[in-house]
Amino acid sequence: MESQDTVEALRGLQDIDAAIEEREAELATLEPALQEVEERLAEVRKRLDAVRQELETAEESYRKSQRSVQAGRATLKRLRDRADEVQDLRQHMAVRAELEAARRNLEAAENDALDDLQQVESAREVLGTLDGEMSEARDSLRERSDEVETRRAELETELADHRDRRKDRSEGIDHEALKLYERVRRGRTESALAPLVGGHCGNCFTAVPLQRQAEIRSGRTLFRCEGCGVILHAPLEETADEMDR
Ligand SMILES: [Zn+2]
């Protein structure tokens, strides 16, 4: 294989590698995206549990204060009945004092019950809102996970295709050239190949000695740029149209 053909083949391989990398990078972003939605769901669930707990406590407290109100009413009724029965003034005064205290107790119990009822109602209201948020978050998670699964399947199919193409393509490339390309390519996001541009490396613009330029143009051997390490090849005027397509 002529070196120029080898360069063409390596450039083709590099396109496939870029397509593979792009898809691998996208695949790597899918998992965190899903995780984000799951975290939001867990957050809402936590708040929901806390408000449920609050509601339970408020309901318990309301039941207690209702019992106090009932007890207070019973006491009041008992004291009123007794007040009707007492004969002398001293007993009458004593019952009146007790009645007064019982009235104040009942009033306090009624106020507590009212406060507790308000707590119960506001907890129920918050719970209703959170239930709504929860079902929205669930819908959104389901939707997002469907999207992610669909995209993951697409990417995996495409990756398998590209990897097959890569295998076919690399079988036709000179072994040493392929090894060199892979060494240069490793750990690199930019191009592993660059054309000579006016006697300079087309990637980092380091000047290439004249003798080396001639060797590169002759296309017998592949040389790496002394500046950035890319594989240098003859200028691509003849394939410029192809590159624009
Ligand atoms: Zn260079």
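**Figure 1. Buried positions along helix α2 of the predicted model.** In this predicted model, the buried residues of α2 are Ala-102, Ala-109, Ala-113, Asp-116, Val-120 and His-162. An α-helix has 3.6 residues a turn, so residues three or four places apart point the same way. Helix α2 itself covers residues 89-171, a run of 83 residues. From its first C-alpha to its last, α2 reaches 119 Å, close to the 123 Å expected at 1.5 Å a residue.

**Figure 2. The largest nonpolar core.** This core holds 15 residues, and those touching the most other members are Tyr-181, Cys-201, Val-230, Ile-231 and Leu-232. Two or more residues come from each of α1 (3-85), α3 (175-185) and β4 (231-233). The greatest contribution is that of α1, which supplies three residues. A second, separate core has six residues, including Val-69, Ala-109, Ala-113 and Val-120. Of these, Ala-109, Ala-113 and Val-120 are also among the buried residues of α2.

**Figure 3. Surroundings of Val-230.** Neighbours within four places in sequence are left aside in this view. Val-230 is then in contact with Val-184, Ser-191, Ala-192, Leu-193, Ala-194, Cys-201, Asn-203, Arg-224 and Cys-225. Both Val-230 and its contact Cys-201 belong to the group that touches the most other members of the largest nonpolar core.

**Figure 4. The chain as a setting for the close-up views.** Five helices and four strands make up the elements of the protein chain, arranged along the sequence as α-α-α-β-β-α-β-β-α. The C-alpha atoms fill a box of roughly 135 × 35 × 30 Å, taken along the principal axes. The radius of gyration is 42 Å, whereas a compact globule of 245 residues would have a value near 18 Å. Buried residues account for 13% of the 245 in the chain. When contacts between residues at least 6 apart in sequence are considered, 73% join residues at least 24 apart.

**Figure 5. Confidence of the prediction and the end of the chain.** Mean pLDDT over the protein chain is 90, with 94% of residues reaching 70 or more. Strand β2 (residues 200-201) has the highest confidence, at a mean of 95. This strand includes Cys-201, one of the residues in contact with Val-230. Confidence is lowest in helix α5 (residues 240-244), where the mean is 45. Over residues 238-245 pLDDT stays under 50, and the model has one contact beyond four places in sequence for this stretch.

Methods
Residues numbered from 1 in each chain as written. Predicted model: local features only at pLDDT ≥ 70, side-chain atom pairs only at ≥ 80, totals over all residues. Rg over C-alpha atoms; globule rule 2.2 N^0.38 Å. Buried ≥ 20, exposed ≤ 12 C-beta atoms within 10 Å, placed from the backbone. Contact = placed C-beta atoms within 7 Å. Expected span 1.5 Å × (residues − 1). Core = buried A, V, L, I, M, F, W, Y, C linked by C-beta atoms within 7 Å. pLDDT = per-residue confidence, 0-100.
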